[in-house]
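Please open the model in your viewer and keep the sequence panel beside it, so that each stop on this tour can be selected in turn.

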Amino acid sequence: MIRGVSPSEQSHPSRGEVMAQGTGIICAEVNGREEELQRRRVAIVGAGLVGSLTALNFARMGNHVDLYEYREDIRRAALVQGRSINLALSQRGRKALAAVGLEEQVLATAIPMRGRMLHDVTGRTSVVLYDPCTQQCLYSVGRKQLNELLLNACDKLPNIRCHFEHKLTRANINEGILEFQQPHREEVVSASADLIVGCDGAFSSVRQQLVKLPGFNYSQEYIETGYLELCIPAKGGEFQMPPNYLHIWPRNSFMMIALPNQDQSFTVTLSMPFKIFASIQSQEQLLAFFRQHYRDALPLIGEEQLIKDFFKTRPQHLVSIKCKPYHYADKALILGDAAHAMVPYYGQGMNAGMEDVTLLTSILGQQLPLDEALAQFTEKRWKDAFAICDLAMYNYVEMRDLTKRWSFRCRKWLDTLLFRLFPGWIPLYNSVSFSSMPYSECIANRKWQDLLLKRIFGGTFMAVLLAGSAFLVQRFH
């Protein structure tokens with residue numbers, strides 16, 4: 001049995017907008033003047049961070065939005081399974097939140113992280129600041145709290161309707177027909193839309209429909225590293241480590257990181273090759289491994305809690321996904337992880353997804369035909385999406401290994417010095433995390449810097465070599 005969306009479930013024009021009777025056109029006040037805008041029915045699949053932000057932006061442009069999520073309402077869920085509970089918010093995400101008036105509210109409870117605190121095998125720590133020059137920082141935000149904030153903002157707009165526990169089972173992209181299954185119900189829920197937007201994550205059901213269409217390119221890569229989440233609890237209501245840092249335990253081929261939470265705990269992510277995970281089969285092996293590699297973290301986590309958390313679940317896989325185009329005609333579009341899933345080691349997954357929404361909104365604001373607008377989005381975004389996927393892979397090597405090398409410290413010092421002397425010299429990490437420079441330009445900028453330094457140091461070395469040779473020739477003659 002198939003059930004359609006009832007008339008009572010249809011939403012109404014947002015405040016300040018008047019629907020022209022039967023025309024599909026709304027009158028909206030834009031920049032102090034009244035304009036006619038086409039009102040579309042937009043179905044967004046996935047009510048996570050990117051999906052709910054996308055819903056807000058489409059609704060603020062006057063569209064009718066149905067937001068579908070296969071999970072229950074996160075605001076009623078005690079625990080969100082399978083997702084990291086905290087995230088690193090940087091400039092790109094902040095810009096997107098500011099555009100919908102939520103940045104200050106998010107930052108009010110976020111925890112600033114001013115740099116990396118590195119822990120060596122003896123337990124000694126050292127700090128590498130992200131931005132010693134302008135003091136910019138990342139912010140640790142709770143995924144659940146941020147998602148709740150975005151959904152609450154959606155609830156305030158009468159032209160957004162949220163549908164939870166709706167799992168997409170079938171979609172006819174050309175016809176704009178969607179079918180959903182609800183738990184404990186045999187009947188299928190049918191819905192229609194002018195535009196289908198997939199914000200449903202790395203294993204996107206909407207993308208699966210696009211893959212079937214000619215001209216759609218898709219690739220995925222699983223890395224040989226898995227991750228497991230642990231926890232450093234609060235002690236006496238206080239943090240057990242300095243909270244204003246991203247803590248890293250780099251160990252060559254594996255590592256552990258910890259981000260602060262609002263409840264004074266730390267979420268700890270242990271990243272290792274699967275073969276190392278598989279080699280730890282007993283409690284004794286686990287404790288011996290931590291005493292050897294993470295001796296300062298073991299008492300903070302607690303032996304009993306470590307054993308419980310480590311063996312209660314299997315390490316999770318990490319996948320990097322690239323595809324294009326991100327749209328099909330004027331019928332469908334994918335954003336966020338559905339378009340460009342990446343490994344989490346640059347902290348840009350959420351930020352890149354939110355930047356998708358910023359770019360899309362700016363293009364739609366040009367009042368182009370929808371198919372042209374979506375094509376322009378793909379053309380402007382795919383190179384940067386591919387670039388951040390590659391950067392995320394690189395940063396895993398940097399975090400687990402390079403951060404403890406003297407060559408990395410020297411380059412970091414040199415970048416900071418040049419940035420202080422010449423503001424146009426923007427280090428790679430700063431350009432990615434503290435600016436809106438396109439990701440592909442961040443890579444090109446780094447390559448230019450590398451080439452310049454290579455020439456300078458190469459020229460200096462040759463000058464010293466020639467001067468030394470000349471000195472020796474004069475001395476022995």
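Helices (H or I, at least four residues) and strands (E, at least two) are DSSP runs, numbered from the N terminus. What you see is a predicted model, in which local features need pLDDT of at least 70 and side-chain atom pairs count only at pLDDT 80 or more, while totals for chains, interfaces and linings use all residues. Residues are numbered from 1 along each chain as its sequence is written, and side-chain values use heavy atoms, with hydrogens and water left out.

Begin by selecting Gln367, which sits in the loop between H11 and helix H12 (370-400). Its phi is near 60°, a positive value in a residue other than glycine. Most residues other than glycine have a negative phi, and most peptide bonds are trans. Gln367 counts as exposed, at 53% relative accessibility; here buried means under 20% relative accessible area, exposed over 50%, and partly exposed in between (1.4 Å probe, protein chains only).

Next, select helix H11 (residues 349-364), whose 16 residues should span 22 Å at 1.5 Å a residue, where the expected span is 1.5 Å times one less than the number of residues. The end C-alpha atoms of H11 are 23 Å apart, which agrees. How many of the residues of H11 are buried? The helix is mostly covered, with 12 of its 16 residues buried, among them Met350, Leu360 and Leu364.

Two loops come next. Gln135, in the loop between strand E10 (125-129) and strand E11 (138-142), also has a positive phi, near 65°. In the loop between strand E22 (319-324) and strand E23 (327-328) you will find Pro325, and the peptide bond that leads from Lys324 to Pro325 is cis, with omega near 0°.

Now move to His166, in the loop between strand E12 (160-164) and strand E13 (167-172). His166 counts as buried, at 8% relative accessibility, and a polar atom of its side chain lies 2.8 Å from the backbone oxygen of Phe164.

For the cysteines, a search of the whole structure finds 0 disulfides, a disulfide being a pair of cysteine sulfur atoms within 2.5 Å. Select Cys389, for which the nearest cysteine sulfur, that of Cys323, is 9.0 Å away. Cys389 is buried, with a relative accessible area of 1%, whereas Cys231 is partly exposed, at 28%.

Finish at Leu421, which belongs to helix H13 (residues 406-421) and is exposed, with a relative accessible area of 52%.

Notes:
Polar contact = N/O pair within 3.5 Å; in protein donor to acceptor, adjacent residues only side chain to side chain.
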